[in-house]
Amino acid sequence: MARKIYSDAASALDGLLYDGMTIAAGGFGLCGIPERLIDAIVASGVKDLTVASNNAGIDNEGLGKLLRTRQIRKMISSYVGENKEFERQYLAGELEVEFCPQGTLAERLRAGGAGIPGFYTKTGVGTKVAEGKEVKNFDGEDYILERGIRADLAIIKGWKADESGNLLFRKTARNFNAPAATSGKICVAEVEEIVPVGSLDPDTIHLPGIYVKRLILGAPYDKKIEFRTVRQREAA
């Protein structure tokens with residue numbers, strides 16, 4: 001069991017990174033993102049990456065760091081609005097983007113992990129999302145074929161794990177982490193706390209340890225706020 005636990009992100013990713021690979025990354029904005037693993041990928045210098053993730057963080061945070069260093073060639077994502085560098089690279093033709101509706105992206109990741117090569121959905125029918133995709137009629141309704149995503153590597157962030165890799169996510173950090181984890185041929189996780197085997201109630205496990213091949217303790221984390229909204233102080 002101890003062989004699953006690595007001392008840091010760089011050692012956990014050792015031997016797994018190569019140019020042109022596909023990475024599935026958990027998280028949403030700045031919530032539940034694998035910060036330590038992203039930093040190690042930046043430091044590795046690996047390039048021409050295809051990254052499947054709901055979005056690319058924000059400028060200079062999360063996957064935004066990999067955009068700044070031009071290590072990402074293609075993003076498969078559903079949202080780009082909070083990352084100006086993402087927007088700039090896309091509009092300038094420097095970054096290939098495969099837009100994917102959010103629910104469809106989650107299902108593509110889940111399907112890849114479940115060994116399902118493709119599925120039909122109504123989402124996107126009659127829009128640019130459907131261009132170039134097979135359309136099939138079921139019961140008088142058109143559906144488009146979407147392919148499951150099978151990534152070379154999954155990087156995820158969890159809240160708590162035991163030494164065998166059984167893992168819990170905290171609240172909204174559960175988002176894309178679980179489907180991203182199962183879609184990867186290899187999954188590397190960082191967590192805020194590692195506890196002994198037997199400490200976690202089996203009924204509460206969100207991701208079984210069989211999916212987690214390597215694990216690091218990433219704490220302590222600096223909790224970042226994507227948008228800080230405050231109201232004006234009322235006059236006395």
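Modeller: Helices (H or I, at least four residues) and strands (E, at least two) are DSSP runs, numbered from the N terminus. With that in hand, N60 lies in the loop between β3 (49-52) and α3 (64-68). This is a predicted model, in which local features need pLDDT of at least 70, side-chain atom pairs count only at pLDDT 80 or more, and totals for chains, interfaces and linings use all residues. Residues are numbered from 1 along each chain as its sequence is written, and side-chain values use heavy atoms, with hydrogens and water left out.

Biologist: What is phi of N60, and where is K171 found?

Modeller: Most residues other than glycine have a negative phi, and most peptide bonds are trans. N60 has a positive phi, near 65°, and K171, in the loop between β10 (167-168) and α6 (177-183), has a positive phi near 50°.

Biologist: Which peptide bond is cis?

Modeller: The bond joining A219 and P220 is cis, with omega about 5°, and P220 is placed in the segment after β12 (214-217).

Biologist: Is E35 buried or exposed?

Modeller: Buried means under 20% relative accessible area, exposed over 50%, and partly exposed in between (1.4 Å probe, protein chains only). E35, in helix α2 (residues 35-44), has 16% and is therefore buried, whereas K171 at 66% counts as exposed and N60 at 44% as partly exposed.

Biologist: Which residues is E35 in contact with, leaving aside its neighbours within four places in sequence?

Modeller: Contact means heavy atoms within 4.5 Å, and with those neighbours left aside E35 is in contact with E190, Y221 and K224.
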